[in-house]
Amino acid sequence: RYKKIIKLDHHPIMDVFGPYDIVRTDYSSASELIYFFLKKEGYELDKEIATLIYMGIICDTGRFLYAISKYTFGVADDLVNNYHLNLEEIYENIYMRPLDHYKLESYLTNNFEVTENGLAKIIVEEDILNKYNASMGDIGDVINDYTHINEFLVWVIATYNKRTGNYKVNIRSRGPRVNLISESYGGGGHKFASGVRSITKENVYKLFDDLDEACRSYNENKEC
């Protein structure tokens with residue numbers, strides 16, 4: 001059993017897990033932070049470690065589409081070329097999905113409620129998860145697929161958690177800062193990608209209202 005806990009993260013500090021916090025919000029991902037930590041401490045990377053770090057980076061950046069840092073491409077270059085990564089195998093392992101996964105995504109797309117301010121919102125109940133053989137993790141996998149929809153300024157999915165009886169919320173934004181709103185409900189994250197681990201249904205609706213107001217305010221200020 002380990003006696004000390006060290007947290008390495010790239011999110012703003014919210015939770016304290018132990019006496020040591022290594023937090024760098026200027027990194028694209030915790031994986032990027034781990035890369036530099038291992039390099040600085042003199043640990044030797046091998047192909048397996050390099051593969052896992054690379055996978056973490058591409059998942060957190062959406063294949064280098066967002067949240068990249070000034071270090072990201074240099075790290076990727078080192079991992080790919082110096083550790084001879086099999087990119088085809090890596091991407092297949094990450095992105096190969098069952099048909100039900102796409103049916104779930106289709107359900108979400110067809111059932112988002114979009115406000116006049118640009119908030120797309122939906123609550124996913126247990127019966128929907130069961131219908132598509134899905135989990136809360138699957139919702140997290142598809143949330144970023146809505147990034148390039150014109151009508152979605154902020155999009156939020158609240159998913160029922162059978163274990164807690166509450167809801168897990170994933171939020172993404174193309175404009176309004178959403179992490180501060182998440183923090184007010186016990187969550188957190190990045191400015192434009194955040195969430196809440198556990199929230200009551202009553203508070204889900206309040207969160208929706210706060211996000212819609214953030215969209216309204218953002219649109220109003222942008223037009224000024």
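How many helices and strands does the chain have? The chain has 9 helices and 8 strands. The model shown in these figures is predicted.

**Figure 1. The whole chain.** The radius of gyration of the chain is 19 Å, close to the 17 Å that the globule rule gives for 224 residues, so the chain is as compact as a globular protein of that length. Taken along the principal axes, the box filled by the C-alpha atoms is roughly 50 × 45 × 40 Å. Of the 224 residues, 42% count as buried. Among contacts in the chain with a separation of 6 or more, 57% are between residues 24 or more positions apart.

Figure 2. Is Ser 28 buried or exposed? Ser 28 counts as buried because its relative accessibility is 1%, and the cut-off for buried is under 20%. The side chain of Ser 28 makes a polar contact of 2.7 Å with the side chain of Glu 32. Another polar contact, of 3.2 Å, joins the side chains of Ser 28 and Ser 29. Leaving out residues up to four places away in sequence, Ser 28 touches His 10, Ile 57, Asp 60, Thr 61, Ala 67, Ile 68, Ser 69 and Thr 72.

**Figure 3. Helix 1 against helix 2.** Helix 1 spans residues 30-40, and helix 2 spans residues 47-61. The axes of helix 1 and helix 2 cross at roughly 145° and come within 7 Å. On the helix 1 side, the contact is made by Ala 30, Ser 31, Glu 32, Tyr 35 and Leu 38. Helix 2 contributes Ile 49, Leu 52, Ile 53, Gly 56, Ile 57 and Asp 60. By type, the residues of this contact are 7 nonpolar, 2 polar and 2 charged.

**Figure 4. Helix 2 against helix 3.** Helix 3 covers residues 72-82 and packs with helix 2 at an angle of about 150°, the axes being 10 Å apart. The crossing of the two helices is left-handed. From helix 2, the residues in the contact are Ala 50, Ile 53, Tyr 54 and Ile 57. From helix 3, they are Thr 72, Val 75, Ala 76, Leu 79 and Val 80. Of the residues in this contact, 8 are nonpolar, 1 is polar and none is charged.

**Figure 5. Asn 170 in strand 6.** Strand 6 runs over residues 167-173 and includes Asn 170. Asn 170 counts as buried, because its relative accessibility is 12%. Which residues is Asn 170 in contact with, leaving aside its neighbours within four places in sequence? They are Ile 139, Gly 140, Ile 143, Trp 155, Val 156, Ile 157 and Ser 194.

**Figure 6. Lys 201 and Ser 217 in helix 9.** Helix 9 spans residues 201-223, with Lys 201 in it. Ser 217 is also found in helix 9. Lys 201 counts as partly exposed, at 33% relative accessibility. Ser 217 is partly exposed too, with a relative accessible area of 27%. Not counting residues up to four places away in sequence, Lys 201 touches Ile 123, Glu 125 and Tyr 167. The side chains of Lys 201 and Glu 125 are joined by a polar contact of 2.8 Å. Ser 217 and Lys 162 are 55 residues apart along the chain, and their C-alpha atoms are separated by 35 Å.

Methods. Residues numbered from 1 in each chain as written. Predicted model: local features only at pLDDT ≥ 70, side-chain atom pairs only at ≥ 80, totals over all residues. Heavy atoms only, no water. Helix = DSSP H or I, 4+ residues; strand = E, 2+ residues; numbered from the N terminus. Buried < 20%, exposed > 50% of the residue type's maximum accessible area, 1.4 Å probe, protein only. Contact = heavy atoms within 4.5 Å. Axes fitted to C-alpha atoms, helices over the stretch in contact; angles between N-to-C directions. Left-handed = near helix turned anticlockwise from the far one by under 90°. Nonpolar A, V, L, I, M, F, W, Y, C, P; charged D, E, K, R; others polar. Polar contact = N/O pair within 3.5 Å; in protein donor to acceptor, adjacent residues only side chain to side chain. Rg over C-alpha atoms; globule rule 2.2 N^0.38 Å.
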